[in-house]
Amino acid sequence: MDINDFWINGLPQDFDDVELALASSSLEEESAHLALLTADEAVVYQGLPHQIRKQDWLAARLALKTIMAKRGVDPVNVEARPEESGQPRLYVHGERTQDLYISLAHEQGMGLAAVCTHPVGCDLEKLNENNAKIRDKIGSDKEFSLLSVPSTPGHAESILFSLKESAIK
């Protein structure tokens, strides 16, 4: 999979302290990647119903662990746990961090993580021609007119969807 086939987005873009990382997961690398999971993450991973879902989920966690490793935290001590709302929260050594916000996204074996001292949202979307078919469900003509993107069919739709997804997160 070529990274150029994806749109990567992190919001808000006006904070200097937003850190983004991208990771991928494949069957060939699965055992090495699983060694980085906490015990609770391993249970969640094993409970996921499909291999594709497992790869996506794992890739997003690897991206988060990459950011935290750059901050000096051993990846095996980093975990994203969902709140009741579904929003992920960062835990280090089993304790919830109070000073960092995270967002996770995944698509087709690729994972994206954002870490920031302010609320943050991120999204990763495959640029897809088929999205042109559902243009009216993604946005209004006015919203599309505000974008400055290539005229490749489906790209504007993928990008607008990703921006909205990031903002919601």
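How far does helix α3 reach from its first C-alpha to its last? Helix α3 spans residues 51-70 and reaches 29 Å, close to the 28 Å expected for its 20 residues at 1.5 Å a residue. The model is predicted.

**The whole chain**
- The protein chain holds six helices and eight strands.
- From the N terminus, the elements run β-β-α-α-α-β-β-β-β-β-β-α-α-α.
- The protein chain has 169 residues, and 43% of them are buried.
- Take the contacts in the chain with a separation of 6 or more: residues 24 or more positions apart account for 58% of them.

**Helix α3**
- Helix α3 is mostly covered, with 14 of its 20 residues buried.
- An α-helix has 3.6 residues a turn, so residues three or four places apart point the same way.
- Just after α3 comes G72, which takes a positive phi of about 90°.

**The aromatic pair**
- A pair of aromatic rings is described by the distance of the centres and the angle of the planes.
- The count of aromatic pairs comes to one.
- Y45 and W57 form that pair, with 6.2 Å from centre to centre.
- Their planes stand at 50°, and the pair is tilted. Planes under 30 degrees apart would count as stacked, and those over 60 as edge-to-face.
- Why does the pair tie together parts of the chain that are 12 residues apart in sequence? Y45 lies in helix α2 (residues 39-47), while W57 lies in helix α3.
- Is Y45 buried or exposed? Y45 has a relative accessible area of 2%, so it is buried, since buried means under 20%.
- W57 is buried too, because its relative accessible area is 6%, under the 20% limit.

**Charges over rings**
- K54 lies over the face of Y45, at 5.3 Å from the ring centre.
- Y91 also has a charge over its ring: the charged end of R81 sits 4.0 Å from the centre.

**The three-stranded sheet**
- Three strands make an open sheet, ordered β3-β4-β5, with antiparallel pairing.
- Which strands lie at the edges? They are β3 (78-82) and β5 (95-96), and each pairs on one side only.
- β3 pairs with β4 (residues 88-92) in the antiparallel sense, over five bridges.
- V78 has V92 in β4 as its bridge partner.
- R81 stands opposite R89 in β4.
- The hairpin of β3 and β4 has five residues between the strands. In this hairpin, G86 takes a positive phi near 95°.

**H33 and its contacts**
- H33 is found in helix α1 (residues 30-34).
- H33 has a relative accessible area of 13%, so it is buried.
- Which residues does H33 touch, leaving aside its neighbours within four places in sequence? H33 is in contact with S24, S25, L58 and L62.

Note on methods:
Residues are numbered from 1 along each chain as its sequence is written. This is a predicted model: local features need pLDDT of at least 70, side-chain atom pairs count only at pLDDT 80 or more; totals for chains, interfaces and linings use all residues. Side-chain values use heavy atoms; hydrogens and water are left out. Helices (H or I, at least four residues) and strands (E, at least two) are DSSP runs, numbered from the N terminus. The expected span of a helix is 1.5 Å times one less than its number of residues. Buried means under 20% relative accessible area, exposed over 50%, partly exposed in between (1.4 Å probe, protein chains only). Rings of Phe, Tyr and Trp (its six-membered ring) pair if their centres lie within 6.5 Å; planes under 30 degrees apart count as stacked, over 60 as edge-to-face and the rest as tilted. A charge sits over a ring if NZ of Lys or CZ of Arg is within 6 Å of the ring centre and within 35 degrees of the ring normal. Two strands pair if DSSP finds at least two bridges between them. Contact means heavy atoms within 4.5 Å.
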